[in-house]
Amino acid sequence: MKEEILKHLRNSQGKDAAHSSVYDWRVALSLALRDRMVDHWFRSTRETYESGAKRVYYLSMEFLIGRLVEDTAANLGLVQEAKTALAELGQDYEAIVLNEPDAALGNGGLGRLAACFMDSLASLGIPAYGYGIRYEHGLFKQDFVDGSQVETAETWLSQRNAWEFARPEVQFRIGFGGHVEHHEGKAHWHPWETVLATAYDTPVIGWKGSWGNTLRLWSAKPEAKFDLKSFNRGDYLAAGRSEALARTISRVLYPDDTTDAGKELRLKQEYFFTAASIMDLLRRFLSDHDNIRELPNAVAIQLNDTHPAIAGPELVRLMVDEHDVPMAEAIGLARQCLGYTNHTLLPEALERWHIGLLGRVLPRHLEIIRAIEDDQQAKHPGSPRILEQDHVRMGELAFIMAHKVNGVSALHTDLVKETVFADLNRIHPKRIVNETNGITPRRWLHTCNAPLSELVTQEIGEGWVGDLEQLKALNQKSGDRTFLDAFSAAKRQNKEQLADWIAQSCDIQIDPAAMFDIQIKRIHEYKRQLMNILETIALWNEMHDAPNAEWTPRVKIFGGKAAPGYHVAKQIIHLINDVARVINNDRVTKDLLKVVYPPNYNVTMAERLIPAADLSEQISTAGKEASGTGNMKFALNGALTIGTLDGANVEIREHVGSENFFLFGLTAQEVVERRHVHGFSRAAIEASPRLTRVLGQIFEGVFSPSDPSRYHGLIGTLYDHDYFLVTCDFDSYFDTQRRVDEVYRNPQNWAAMALRNTANMGWFSSDRTIKGYARDIWQVNASEKVRLE
Ligand code: 26Y
C-alpha cells in the first residue's frame, strides 16, 4: 500500500513526498484504493456478461454519495493497511479523510437512498448500473449571514475526482426541439438542437469486495465543433456560445425538492440523462441479443420518482421508430421493463409539464405520450388521464408505463393507494407494492461510529455488517450492566468528539453530559422544525423562571438547508438562529440549555452528528413524510426517537418496541379531519397558555429586537392557516419532551432503551430493501458467488 501510494504521488500527481500537500496525499491514496477496486469490478462484469444475467438499471436525478475514502477502504478491508502505510509515510489518515470534498449530487432523502442502494446492490452481488448526471456544481453551500441562509456555488470538481474513469468514447447524441415528419407510417424526428452525453464511471464495490457495479454519470458536451471563424474575427463570446449552452445542461443540481421546478432546463436535464441511459442500456443489450422482444428478460429499469419518467416514451420511441415494433406492442414491452418509485404525496412536488413546453422540447415524445394515453383509454375506459387540460402529469405517465409502482414505507404505500393513485389502483390492483426504505449499515454504523461498531463486533463478531439482523443478539445484553456501561461509554465518546467539533466550528461550549437532541433534514414546513424551536423557547421560559427546579440539561442541535426560493423555510432558519443567539447568551440558563445550528449540513456532518445523538427528532405532520431515512440512522446508532406516526416511524416503533419510542401527535387520519374544524389553530393556541406566551414573545420581537416585526407573517400563519398543525400538536409534543427528560435522568434505563433500538433496527438495512425490489419488482437474482449471510 505504501509503495502504491508513493507511486501515485509521483506518477499521477507529479509530486514527491517532500512537496506534497494533504490534497496530493488524498488523491494518491484514493487512486491506490481505486486500483484495488478494478479487479473485483472486472470480475463482476465478466461474470454478468458470461452468465447473461438480468441487469438492473437505477435511474436517478440524484446520488448523494458524500465522501468515499473511508467507505471504500472499509468495503475492501484495507482501513488498517491504509492507516499503517500513511503513518509510516508520516501522514495523518484522519486529515486525509477530511480533505475529501463531500459529493453532494442530491438534495436529501431521495438522493441518499440512491447512494445506499448502490452500496447494497454491490454488496448483494446484483448486476446493476446507477445512472445519473455528473453535475459540475452539487447542492449549494450554505452560510449564515446575520442568521439568514446565504447560498454559494459548491465546487467539488475544482479538484481532481480520483474515483471516476472518464469514458470519452461512450457518447450519445441527445436531441431537443425541432419537428417530426411522418412518411408511410414512420415517424422521423428532426431535432433542432443536439448535445453529446459523455460517460464518467465510478466503480462501486460492495462489502468485503464481494462484487463491483458501476455508477455512470453523464456530462453534457457540445456537438458542434468550436467556432474558430468567430474566434478569429475576435468575437470570443460567440465562439464559445454553443459550448456554454450545451454545458449548461449538466452544470447545476436543482436545489429544490419542494415544488415542480417547471423550468425548461430541468426538463432538458431529465431527458438528457434518461435518454443517454436508455440508449446505453439498449446498446449493451443489442451487443449480445438480436431480438428486441427479449428486452424485459434482460433489463429491469427503476425510476427514482418521476424525474426520469420520460424513460417510458423514450423506450417506446426507440422501439417503434428505430426497431419497427408496433406501437401497442412497444408500450407493453417497455412496461415490462419499468418500475416506478413514488417518494412524495405533496401535491406541489408531483411533476407536471405544460403540454406546450413538452411539445416544443420533445415533439416526438408528446406524440408517443398521446399514443400511450389512447392505448390506456382503449383498454381501460375512464382511466385517469396523463394529459389533463394543458399539462402532462408525470406521475400518471410513470404509473401507466410501469409494471410495478412502489411506495417507500407501509403507511406511505397505503396512502398512495388511497389518495394520489386511488383510481389507477382500482384499475391495476396488483401494481402498487411496498418496499420500505433502508440504509446501508456499512456507512451508517460501521464507518461512521467506530466506538459502537467495535463494541458490537467484540460482542457478536463482524457478521452484522453484511447481515444486520444479527444485531438482534444484542437484546440479550439489555440487562447486563457491564455491557450497558460500555454501550453508554461509546455514546459518550461520540458526544465528546462532537462537543469538540462544535466548540471549534461554532464557538459554542456544550456539555457532553447534557442530552443531545438533534433534528437534521431539509427545512420544510411539514417537517416542523418550527414546532421544535417553539418548544425550545417554551422550555427556556420555564427554565429561566425556575432555574433551580429539576431540569435535564439539553443541547438542541439543528442542521439543514432550505430551497433558495422557499421563503417560509428561510424564515424558520432565521428564527432558529435568532433564538439560539438569545438563549446561548442567557446567564441564567447557561448550564441548562444551548441551541446549536452548524451551517452547511451534508452527508459528512450527518456522519458526525448521528453517532452522538441521544434523541432523534422525527416530528413531521402525520401523512406527509413518505418514509424518512434519517430516522433509521439515528435509531441504529442508539438514539431514542421522539416522533409522530408518520412514514417509516410507524415500522421503526413496531420493531424497537413502543416502550422504547416516544410517540406523540395526531394520526394521519386525525390530521385530515382536524383541518375541517373551523378555526382549529386559533382554538389550539388559546387552549395553551404556554404556546400563547411563546408566540407573543416572537411577535413582540424578543428574538429579533432590531427588527421586531420580522416574524409577524410567520406567526400570523400559525393563527390562520396552520396547514401543518404545529399548533394542534404543540402541547402533546411539549409534554412528551418532559417525559423524555424524566427518562433521561435514569441513565441505566435510558441505555437499555437505546440498546433495544440498536438491537432491533437490523430490518432497516438497505440490503433487505434491495432484496425486496429484486424479488417483487425486478425478478433478478444475486450473483451465484456472492452470499452475504
Ligand atoms: C420535482 C422536483 C422539484 C423534486 C426534486 C426532488 C421533487 C422531489 C425531490 C426529492 C424528494 C425526496 O427526497 N423525498 C424523500 O425521499 C426519501 C426516500 O424515499 C423519503 O425517505 C422521504 O420521506 C422523502 O421526503
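1. Basis. Residues are numbered from 1 along each chain as its sequence is written. In this predicted model, local features need pLDDT of at least 70 and side-chain atom pairs count only at pLDDT 80 or more, whereas totals for chains, interfaces and linings use all residues.

2. Domains. The domain assignment gives domain 1 (52–67 + 102–437 + 771–778) and domain 2 (441–764), with bounds that come from an automatic or database assignment. Their C-alpha centres lie 35 Å apart. The contact takes 38 residues from domain 1 and 34 residues from domain 2; two residues are in contact if their C-beta atoms, placed from the backbone, lie within 7 Å.

3. Ligand. Among the 22 residues around the ligand, G109, L110, D257, A626 and S627 come nearest; a residue is near if its C-beta atom, placed from the backbone, lies within 6 Å of the molecule. Both domain 1 and domain 2 give residues to this shell, so the ligand lies between them.

4. Helix pair. Helix α28 (residues 689–700) and helix α29 (residues 712–720) have axes that come within 9 Å and cross at roughly 150 degrees. Therefore α28 is roughly antiparallel to α29, a term for angles over 145 degrees, on a scale that runs from 0 to 180 degrees between N-to-C directions, with axes fitted to C-alpha atoms over the stretch in contact. The helices are DSSP runs (H or I, at least four residues), numbered from the N terminus. L695, I698 and F699 of α28 meet H712, I715 and L718 of α29 in this contact.

How values were computed
Helices (H or I, at least four residues) and strands (E, at least two) are DSSP runs, numbered from the N terminus. Angles under 35 degrees count as roughly parallel, over 145 as roughly antiparallel, 65 to 115 as roughly perpendicular and the rest as oblique.
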